[in-house]
Amino acid sequence: MLSIAVCDDEILDCCNMAKDINDVLEEIGIPFIVRQFSSGRDLLNAMENFDVIFLDIMMCGMDGMKTAQLLREKAFDKILIFISASRDYVFEAYDVEAFQYLVKPIDSYKLKNVLQRVVKKLENHSQEFMLINQDRTRKKLLLREIYYFEIRGRIISVHGVEGIFDYYEQIGTLEKELQGKGFFRCHKSFLVNLKYVDNYNRQEVILDTGEKIAIAKRRYEAFCQEILEYMKRSGDSI
């Protein structure tokens, strides 16, 4: 389900924007939920991990640009779309990696086009997969459903949503395949999906599942750097 936030201190504009988004997504058949916020502070204090945020720039108190900067500092790396009656902040929007800049009044065709691009971008990200050879067949595993890999010689055990699968592969090949995809080899025997890291210390990583994965001393500093970079990219929090 697509989780969307609309933040605008003009209550009527906020309601209308939410309604327009609702109409478009119902038309294209995408399940969704839309929440409305009347200030940047309320948005920042929300507990939800939104997929998309529509953010007005010229708001009283904390303006939209400052709100966006704080969102990025909090590791929000999903889709940020500015809405404004002015074109004056277009170049500043690049500094916070905005996906789109929409000028009020927002044309319905333009909004539909933007939302279709948003859906495509999110679907492409969530459908990344790998293929493994198991029992003379090829099995497709979605990367987002893998908790971690356990390495024992040439045997690799995949621990994930569907259970545990063993297959033969060289660890170097696996690491190369997963490079830049949110996995980190925190120990010679474990390659963990950073998406599922709940907390960690110098000895171990604790996953959302409650499982504990060892961290090698010499890999701890690199792990800390990698998990922070991942948070910036993905918006996950620890």
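Student: Which strands each supply at least two residues of the lining of the largest cavity?

Tutor: Start with the idea. A cavity is a space where a probe fits but cannot get out. In this predicted model, strand 7 (137-142), strand 9 (155-160) and strand 10 (163-168) each supply at least two lining residues of the largest cavity.

Student: Which strand gives the largest share of that lining?

Tutor: Strand 9 does, with three residues. Now look at the names. The lining of the largest cavity includes L141, L142, V158, H159, G160 and F165. E145, I146, V161, E162 and G163 are also among the lining residues.

Student: What is the volume of the largest cavity?

Tutor: About 70 Å³. A search of the whole structure finds one cavity of 30 Å³ or more.

Student: Let me step back. How many helices and strands are there in the protein?

Tutor: Seven helices and 15 strands. The C-alpha atoms fill a box of roughly 60 × 40 × 30 Å along the principal axes.

Student: How do I read burial? Is F149 buried or exposed?

Tutor: Under 20% is buried, and over 50% is exposed. F149 counts as buried because its relative accessibility is 0%. Find F149 in strand 8 (residues 146-152).

Student: What does F149 touch, leaving out residues up to four places away in sequence?

Tutor: Its contacts include M130, I156, S157, V158 and Y167. L174, L178, F183, S189, F190 and L191 are also among the residues that F149 touches.

Student: Now helix 1. Is M17 buried or exposed?

Tutor: M17 lies in helix 1. M17 counts as buried because its relative accessibility is 6%. M17 touches V6, F54, I83, I106 and L111, with residues up to four places away in sequence left out. Check I106 again: its C-alpha is separated from that of M17 by 8.7 Å, and the two are 89 residues apart along the chain.

Student: What about D23?

Tutor: D23 lies in helix 1 (residues 11-28) as well. D23 is partly exposed, because its relative accessible area is 36%. D23 and K112 are 89 residues apart in sequence, with 9.4 Å from C-alpha to C-alpha.

Student: Which residues does a cis peptide bond join?

Tutor: K104 and P105, with omega about -10 degrees. P105 is found in the loop between strand 5 (100-103) and helix 5 (108-126).

Student: What is the phi of E97?

Tutor: Near 55 degrees, a positive value in a residue other than glycine. E97 lies in the loop between helix 4 (90-95) and strand 5. E97 is exposed, because its relative accessible area is 57%.

Student: How many residues count as buried overall?

Tutor: Of the 238 residues, 45% count as buried. The protein exposes about 13,400 Å², and carbon and sulfur atoms supply 48% of that.

Notes:
Residues are numbered from 1 along each chain as its sequence is written. This is a predicted model: local features need pLDDT of at least 70, side-chain atom pairs count only at pLDDT 80 or more; totals for chains, interfaces and linings use all residues. Side-chain values use heavy atoms; hydrogens and water are left out. Helices (H or I, at least four residues) and strands (E, at least two) are DSSP runs, numbered from the N terminus. Buried means under 20% relative accessible area, exposed over 50%, partly exposed in between (1.4 Å probe, protein chains only). Accessible areas come from the Shrake-Rupley method with a 1.4 Å probe; for residues, only the protein chains shown count as cover. On a 1 Å grid over the protein atoms alone, a cavity is a set of points where a 1.4 Å probe fits but cannot get out, and a pocket is an open set with protein on both sides within 12 Å along at least five of seven lines; lining residues have an atom within 4 Å of a point. Grid points are joined across faces, edges and corners, and a volume is the space filled by probe spheres set on the points. Contact means heavy atoms within 4.5 Å.
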